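Look over the sequence and the model below. Some questions on its packing follow.

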Amino acid sequence: MPSLILASQSPARTKLLAEAGIRHTVLVSDVDEDAVQARYGVTDPHDTALLLARAKAEAVAALPEAEGSLVLGCDSVFEFDGEAHGKPYTAEVARERMLRMSGNTGVLHTGHWLVDCRDTDPDDDGGGEQGSGATLGTVASATVSFLEMEPAEIDAYIATGEPLHCAGSFTIDGLGGAFIRKVDGDPHTVVGLSISTLRDLLASANVRITDLWPA
């Protein structure tokens, strides 16, 4: 059976895969995101999400541990007022962003990149799996509409630490869900990994998503 490696340290992504019944392991890349963006000069939020997802997937695919597996890299970027918002990291940045986001709408872009590291020419005796040689990706986007947030609510949310390490300074599957009015698009995209998008990418590598379900 094919094996999937998630090239991401995001607990939300691995939890999402587990809850969807998708067998996988986690192998984190050491990609310097700022260096990658500086090298390619990409500023568009949509393209940035795809660029970083590809960088993570290809970095892990180059490791010996990835041989014979499928590697999935993901990265999320929140687009608000034409600006790209990654993780805020500090309370000050998170507060400034959330005050602007209150009662408004933005778009969460999640880039997905899949690399098939299986042998494209397996032994004639049938050993190993036939790989496709695929290396491809796409971006799934969803529009997020926020409720009006009181400054005290924003401060209380930031004090939990949750928004500091999330693209756009919010989550949908945690405490931040209390401030989201609606999502137009695949809600899994907002979590950070679209299962339906993964299904399409796997199909391009001649793998059914059901092949990754527990036997």
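Rings of Phe, Tyr and Trp (its six-membered ring) pair if their centres lie within 6.5 Å; planes under 30 degrees apart count as stacked, over 60 as edge-to-face and the rest as tilted. The model is predicted: local features need pLDDT of at least 70, side-chain atom pairs count only at pLDDT 80 or more, and totals for chains, interfaces and linings use all residues. Residues are numbered from 1 along each chain as its sequence is written, and side-chain values use heavy atoms, without hydrogens and water.

Q: Which residues do ring pairs link into a cluster?
A: A search of the whole structure finds 5 aromatic pairs. Ring pairs join these residues into a cluster: Phe78, Phe80, Phe146 and Phe170.

Q: Where do the buried residues of α7 fall, seen down its axis?
A: Helix α7 (residues 195-204; a DSSP run of H or I, at least four residues) has Ile195, Thr197, Leu198, Leu201 and Leu202 buried. Judged by directions from the helix axis to the C-beta atoms, these buried residues fall within an arc of 150°, so they line one face of the helix.

Q: What is the phi of asparagine 206?
A: Asparagine 206 follows α7. Its phi is positive, near 60°.

Notes. Buried < 20%, exposed > 50% of the residue type's maximum accessible area, 1.4 Å probe, protein only. Helix = DSSP H or I, 4+ residues; strand = E, 2+ residues; numbered from the N terminus.
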